[in-house]
Amino acid sequence: MKHYFWTICLLLLLIPGNTWSASPNFLIMDQLSNNVIMIGSDLKPLSTFKAGPGPSVLEPLPGDSGYALLCNGTKNLLGTVSATGELIYLDSSFKPTQHKITFPGLIIQNYYFKAEATWIFVAQNKTANSLIRPTATVIIVNLKNGTENHFSIDSIPTAYQFNADRSIFAFTVLSSNNKTAPSQCILIDLHLQTMKSFQVSANPAGIYFINDHQILVACAGFGNSSRYSSTIAMDHFDKPVTASLYWIDITSGDEQISNLGYSPMVIIQDKKAKDTFYVASPDNLDSKAPQSTFYLYCNGIKRSELKLPCDIVQLVPVKSGNICLYGRHDFYIIHIDNGKIVAHFRYDLSIDKLLLNSEQNVGYVAAVNSNYIDKIDLTTGTLMFKFKISSSLFGGMMGISGLFPQKLPPVSGMILPVDDKTNFLSDNNRMLMTDDCNRLYTLASRGEVSGINLKNGLQVSSCKFIEGKPYGIHFTPDKKFVVVAADTIWYLLKPEQKKPIFSLPLPSGDGLPTTGYYSPDGNLLVIPSNGYFYFIDCQNCRLAGKLQTKVQKSVVTWLP
């Protein structure tokens with residue numbers, strides 16, 4: 001017996017050390033060379049393989065038979081598709097197989113549903129003429145049985161949504177390039193693999209499912225072009241076009257149209273009463289003397305409206321039965337049932353953010369570049385107190401956006417659809433609130449994170465740093481530390497201490513990171529910067545490793 005024991009021990013000693021970590025922990029996907037680097041649990045490269053253009057997402061195949069790797073494709077400097085996307089099938093050892101799907105263009109959106117093993121892709125079709133609005137194709141792939149269905153679309157989609165059980169995929173499209181096909185809302189039945197469409201007016205940009213047979217489509221029309229975000233595709237017109245709401249019965253095809261003012265507009269669907277909507281729309285296009293109307297719609301019928309002398313960029317319903325509306329300088333609390341103003345606050349600086357406590361009866365309003373935050377009772381509209389967040393000359397992150405009107409999407413407020421893909425990207429903010437709503441941490445100035453006791457408004461901590469221009473702050477996943485993401489250096493802060501407990505200087509260059517990637521357990525933070533990958537141990541606040549590569553543009557994905 002002892003003979004066998006020592007023989008086994010000898011064999012174990014002869015196995016090379018790197019065999020113990022032969023399974024990759026995560027992948028670094030090079031968006032320029034299309035190489036995929038597999039990183040082991042020891043944070044060292046295991047191997048590299050060549051993928052298709054723009055590798056971005058990895059999902060396991062049903063039955064643990066391997067993986068499917070999505071490669072989005074690439075664009076050239078003119079904005080046209082230079083390389084079409086692919087779905088590459090890998091075996092269990094991450095070697096590409098002979099099986100792959102080649103898409104008709106660049107993948108601009110995708111949704112993966114694990115239980116159904118269904119992956120939905122939206123491709124911007126390849127065209128040789130950059131002046132022509134591209135067409136699109138929706139491709140639905142079942143990873144379990146290998147079926148593949150294609151649906152041709154006359155224009156690229158502008159908004160996406162699913163019904164409650166995710167059996168219907170809905171999206172809006174602009175008019176076609178030659179105007180032969182109008183703006184539409186298109187629905188694909190994912191069970192029957194059939195498509196139907198409904199004609200709507202200019203610039204549809206929001207979809208809301210009321211139930212399985214009724215939808216609301218928000219059409220923005222066309223207002224002041226300087227107010228819209230330049231990254232959003234829109235139909236442009238010589239004259240203003242008013243906005244409208246389409247209430248559509250998707251079974252019978254019956255529709256009802258509600259005319260509004262202009263856009264950008266905000267639409268919020270009540271979370272409990274799905275047939276109730278709160279809508280704010282500009283009445284004029286005068287940026288110096290804006291006028292807006294707040295509407296309450298129930299079951300397609302306008303129940304009330306309220307004229308306000310400002311633009312409105314956010315609507316926030318709260319549990320008290322009131323709704324908060326704010327624009328660039330004005331903050332309103334409206335009683336929904338009677339449509340009357342509960343309170344109005346005017347700010348000299350642009351309103352930056354509204355945070356709510358867990359009961360949603362108290363709000364904290366901050367303005368850009370202000371040293372102060374207002375604590376407001378959202379039921380009565382009473383200003384509870386104003387507290388100071390910093391003693392510095394500039395309280396917040398002053399930017400050019402604080403001086404000029406905000407660029408907005410034509411329709412905002414729609415809850416964006418989510419799928420079963422995991423997202424471990426860090427998210428930068430100016431203010432963070434603890435889960436118990438007792439502490440607020442704010443990037444109070446260029447070199448300070450200030451901690452505020454929200455019960456009495458007193459500053460309880462101030463952690464200062466000197467180097468770097470911060471993009472924002474976020475909690476580590478376990479909420480123990482605050483991370484400051486800056487252009488040339490990242491910090492880990494323990495909120496009650498006066499100095500950072502860890503700092504990571506970054507090499508200079510063009511590839512400075514604004515976000516990082518957390519491991520699924522939240523213990524490791526990966527920061528890519530100018531060809532380097534830094535691995536931060538968030539439990540022990542130390543640099544766990546560093547990898548030098550030639551990768552300048554990457555996506556980091558953790559193994560499912």
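Visitor: Why does arginine 346 count as exposed?

Guide: The relative accessibility of arginine 346 is 56%. The scale runs like this: under 20% relative accessible area is buried, over 50% is exposed, and anything in between is partly exposed (1.4 Å probe, protein chains only). Since 56% is over 50%, arginine 346 lands in the exposed class. Mind that this is a predicted model, where local features need pLDDT of at least 70 and side-chain atom pairs count only at pLDDT 80 or more, while totals for chains, interfaces and linings use all residues. Residues are numbered from 1 along each chain as its sequence is written, and side-chain values use heavy atoms, with hydrogens and water left out.

Visitor: What makes arginine 346 and aspartate 330 a salt bridge?

Guide: The rule asks for a side-chain nitrogen of Lys or Arg within 4 Å of a carboxyl oxygen of Asp or Glu. Here the closest N and O atoms are 2.6 Å apart, so the pair qualifies. Arginine 346 sits in strand 29 (residues 340-346) and aspartate 330 in strand 28 (residues 330-335), so parts 16 residues apart in sequence get tied together. Strands here are DSSP runs (E, at least two residues), numbered from the N terminus. Aspartate 330, at 6%, is buried.

Visitor: How many salt bridges does that rule give?

Guide: The count comes to 12. One of them joins the side chains of lysine 386 and aspartate 374, at 2.7 Å from N to O. That pair links strand 33 (residues 383-388) with strand 32 (residues 372-377), 12 residues apart.

Visitor: Why is aspartate 374 called buried?

Guide: Its relative accessible area is 4%, and under 20% is what the label takes, so buried it is. Lysine 386, at 47%, counts as partly exposed.

Visitor: What makes glutamate 86 and lysine 100 a salt bridge?

Guide: Their side chains meet at 3.2 Å, N to O, so they pass the same rule. Glutamate 86 is in strand 8 (residues 86-90) and lysine 100 in strand 9 (residues 96-102), 14 residues apart. Glutamate 86 is buried at 12%, whereas lysine 100 is partly exposed at 44%.

Visitor: Which residues have the most contacts inside the largest nonpolar core?

Guide: Leu245, Ile267 and Phe277, in a core of 33 residues. A nonpolar core is a set of buried Ala, Val, Leu, Ile, Met, Phe, Trp, Tyr and Cys residues joined through side-chain atoms within 4.5 Å. Phenylalanine 277 touches, among others, Tyr208, Trp247 and Ile267, not counting residues up to four places away in sequence; contact means heavy atoms within 4.5 Å.

Conventions. Helix = DSSP H or I, 4+ residues; strand = E, 2+ residues; numbered from the N terminus.
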